[in-house]
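Hi,

Could you take a look at the structure below when you have a moment?

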Amino acid sequence: MVLDLFLMDSERAWSRHRPPEAPTCALEDLTIGGTLPHVWSRRWSDEPNGPVLLEGDGARSALRGDDLAQLTGLAASRLAGYGVTPGERVLWSCGTSLDAIVGLIGALRLGAVVVPVNPSASRSELRYVARDVGPAISLVDRAERRDWLCEDLEDAVVLHPDALLRSTSDSAAAALDTATPADDALIVYTSGTTGEPKGAVHTHGSLLAGSLALQTAWGWRPDDRLLLALPLFHVHGLCAGLFGTLAAGSSAVIFERFVPAQVLDAVGESTMFFGVPTMYHRLAESGRAAELSALRLCVSGSAPLPADLWRRFHADWGVSVLERYGMSETLLTLSNPLDGERRPGSVGFPLPGVEAAIADADEAGVGELMVRGPSLCRGYRNRTAASEAMWHDGWFGTGDLASVGDDDYVSIRGRRTELIITGGHNVYPAEVEAVLGRHPSVGEIAIIGLPSAEWGESVTAFVVGRDGEPDIDALAHLAAQELTSYKRPREFRVVDSLPRNAMGKVQRRDLL
Ligand code: AMP
C-alpha cells in the first residue's frame with residue numbers, strides 16, 4: 001500500500017519540548033544503550049534513603065530506594081526459584097499495592113516479560129490472555145481469579161504477590177538487570193476492531209525511550225512527586241506513571257483507586273498529577289479543583305479532554321492541564337509543551353524521538369495519524385498478519401484521525417475504527433456484541449458509544465429481539481458475568497431493526 005504522507009517537522013517539534021538551557025537527555029540517548037532496570041538500580045543506589053513509593057490511602061507505608069533495590073531483587077530470586085527464566089512471561093493481574101509493584105519490578109529485573117491484565121477482567125478475558133502468552137507464573141491478588149487460572153490453565157503456577165515476598169524458602173540470588181535493550185519486557189493486550197485482543201510487545205529499549213522522552217519534555221526531576229491513581233495494568237499508569245517515576249529518580253504517591261478527596265488531600269507534598277478526562281470531570285465536581293493549582297504539572301490523556309473542561313480548569317481554577325496522546329502500542333507520542341502554549345482540544349506535537357505524519361489527508365487536512373520512533377512496540381505477539389497490517393515502512397497506523405493546525409499543534413478528530421472510550425477505557429463494540437449476541441432473546445445487537453459529559457462516551461446497546469422482546473434483565477446479568485464493568489452497556493435500547501447499508505453493514509452513525 002502506498003501512503004500519501006504529510007510529514008511533520010520533527011526537529012522543530014523536539015526542540016520545542018527541550019528546555020534549551022538544561023536538556024535532561026540528548027535525543028540519541030533515547031535509543032542507545034541501557035534498560036529501565038539498569039536506570040532504576042542506579043537511581044536506588046545513588047539515593048538509597050529517599051522515599052520512592054508512598055501509599056496514599058490505607059496503611060500509608062512507603063518504600064525507599066534501598067527497600068526497592070532489596071525487595072525487587074528478592075522477588076526476582078524467588079521467581080527464579082519457581083523456575084522462571086529470562087524471556088518467560090509473568091502474568092500480572094493485581095490492584096495497585098506496594099507488594100504487587102515489587103513483584104512486577106522483580107520480574108523485569110529478572111528479565112522476564114510482564115503481561116499486565118486488569119484485575120477485574122472476566123474469566124473468559126483472563127483465560128484468553130493467559131492462553132495466548134502461556135505464563136511461567138502468574139501473580140494475581142484476587143482469590144477467585146487465582147482459582148480460575150488454576151482451573152483454566154494446565155500446570156498453572158499462580159501466586160498472590162505477597163506470597164512471593166513472604167515465602168521463607170531459600171532462593172539462590174538471581175542475576176539481575178541483565179536484559180538488553182532488544183529483549184522483550186512487556187506485553188500489553190489491546191483489542192483490534194475485530195474485538196480480538198492482541199498483545200503489543202514492548203522491549204526494554206522501547207520502555208526506556210518512552211520514559212526518557214517524558215523526562216525530557218516534562219522536565220521530570222528527582223524532586224518531583226507524582227499523584228498516581230491510574231490503574232497499573234494500562235500503559236498510562238504503568239509506563240508513563242510508575243516507570244517514569246522510577247526512571248526520573250523521583251517519587252509517587254500511589255492509590256488503589258481514584259477517590260478525588262484522597263488525591264486532593266495529598267496535593268500538599270506533591271508536584272504532578274496524571275489523569276484521564278473522567279478524573280478531571282470528577283475533580284471539577286469536587287468543589288476543590290483549585291487545590292490542583294499547587295502542582296507544577298497536571299497531565300490528561302487516554303481519551304479526549306473536552307475543550308470546555310480544559311477552559312474551566314484554566315479560567316476558574318488556574319490549572320493549565322497539559323494534554324498528551326498515546327497508545328498501548330506506541331507509548332506516548334504527542335504532547336502539549338511544558339513551556340509555551342497548551343492548547344485546549346489539541347494534543348500538541350511529537351515528543352522527542354517521535355516522528356508523526358498524516359496519511360491520505362482529505363481536503364480538510366484530516367487523515368490517519370501515523371507515528372514512528374523508539375518507543376513503539378515491536379509488533380503483536382503471535383500475530384504476524386495483524387502486525388504487518390499496522391506497520392507501513394516503519395510507520396505505525398494509529399487508527400485515529402487527526403489534523404495539523406497552526407504551529408504544528410495536532411488535533412485528534414475521532415477514530416477511524418468504532419472504538420468506544422469510556423472513562424479512559426477502551427471498549428470494542430464487536431467484543432461486547434459477541435458476548436451479548438449469544439443470548440437467545442437477541443436477534444441483532446449493535447454497541448455504540450453515545451456522548452456523555454461524565455464518561456466521554458457511554459456504552460449503549462441497541463437490541464432487536466428474536467421472536468418478541470429481548471430479555472434486558474438477562475442481558476444485564478450476562479454482561480455482569482462476562483465483561484469487565486466498564487465494558488457493560490449503561491443503557492439498553494430496544495429497536496425494531498438496525499439500519500444497514502446495501503452491503504449489510506450496520507450504519508452506526510444512524511443510531512446516534
Ligand atoms: P490505549 O491503547 O488504551 O492507550 O488507547 C489508545 C487510544 O486512546 C488512541 O488510539 C486514541 O484513540 C485514544 N487517545 C489517547 N489519548 C488521547 C487524547 N489525548 N485525545 C484523544 N484520544 C486519545
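Here is what I found, starting with the ground rules.

This is a predicted model, so keep in mind that local features need pLDDT of at least 70 and side-chain atom pairs count only at pLDDT 80 or more, while totals for chains, interfaces and linings use all residues. Residues are numbered from 1 along each chain as its sequence is written, and side-chain values use heavy atoms, with hydrogens and water left out.

**The sheet**

Let's begin with an open sheet of nine strands, ordered E3-E2-E11-E10-E12-E13-E14-E15-E16, with mixed pairing. The edges are strand E3 (62-64) and strand E16 (349-350); each has a single partner strand, so one side of each is left without a neighbour in the sheet. On terms: helices (H or I, at least four residues) and strands (E, at least two) are DSSP runs, numbered from the N terminus, and two strands pair if DSSP finds at least two bridges between them. As background, strands of a sheet pair through backbone hydrogen bonds, either parallel or antiparallel.

Strand E2 (residues 51-55) shows both kinds of pairing. With E3, E2 runs antiparallel, joined by three bridges; with strand E11 (residues 251-254), E2 runs parallel, again through three bridges. Leu 53 stands opposite Leu 63 in E3 and also opposite Ala 252 in E11. E2 is mostly covered, as four of its five residues are buried. For burial, the cut-offs are under 20% relative accessible area for buried, over 50% for exposed, and partly exposed in between (1.4 Å probe, protein chains only).

Further along the sheet, strand E14 (residues 322-327) and strand E15 (residues 331-335) pair in the antiparallel sense over four bridges. Gly 326 is found in E14, and its bridge partner in E15 is Leu 332. Leaving aside neighbours within four places in sequence, Gly 326 is in contact (heavy atoms within 4.5 Å) with Leu 331, Leu 332 and Thr 333. Gly 326 counts as partly exposed because its relative accessibility is 24%.

Thr 330 is in the loop between E14 and E15. Is Thr 330 buried or exposed? Thr 330 counts as buried, because its relative accessibility is 0%. Not counting residues up to four places away in sequence, Thr 330 touches His 202, Val 371, Ser 375, Leu 376 and Phe 396.

**The ligand**

Which residues are closest to the ligand? They are His 234, Glu 323, Arg 324, Ser 328 and Asp 400, out of 15 residues that surround the ligand (a residue is near a molecule or strand if one of its heavy atoms lies within 4 Å of it). E14 gives the most to this shell, with five residues. By class, the shell has six nonpolar, five polar and four charged residues. Here Ala, Val, Leu, Ile, Met, Phe, Trp, Tyr, Cys and Pro count as nonpolar, Asp, Glu, Lys and Arg as charged, and the others, Gly among them, as polar.

A side-chain N or O atom of His 234 is 2.8 Å from an oxygen atom of the ligand. In Glu 323, a polar side-chain atom lies 3.0 Å from a nitrogen atom of the ligand. For Asp 400, an N or O atom in the side chain is 2.5 Å from an oxygen atom of the ligand. Taken alone the ligand exposes 500 Å², and the protein buries 95% of that (areas come from the Shrake-Rupley method with a 1.4 Å probe; for residues, only the protein chains shown count as cover).

Leu 246 sits in helix H9 (residues 235-248) and is buried, with a relative accessible area of 2%. Beyond its neighbours within four places in sequence, Leu 246 is in contact with Trp 40, Arg 43, Trp 44, Val 52, Leu 68 and Ile 105. Leu 246 and Leu 36 are 210 residues apart in sequence and 8.5 Å apart in space, C-alpha to C-alpha.

Finally, some backbone angles. Most residues other than glycine have a negative phi, and most peptide bonds are trans. Asp 360, in the loop between strand E17 (355-359) and strand E18 (367-372), has a positive phi near 50°. Asp 408, in the loop between strand E20 (395-404) and strand E21 (410-415), has a positive phi near 70°. Asp 360 is partly exposed at 44% relative accessibility, whereas Asp 408 is buried at 10%.

Cheers

Definitions and conventions. A polar contact is a pair of N or O atoms within 3.5 Å; within protein, one must be able to donate a hydrogen and the other to accept it, and residues adjacent in sequence count only if both atoms are side-chain atoms.
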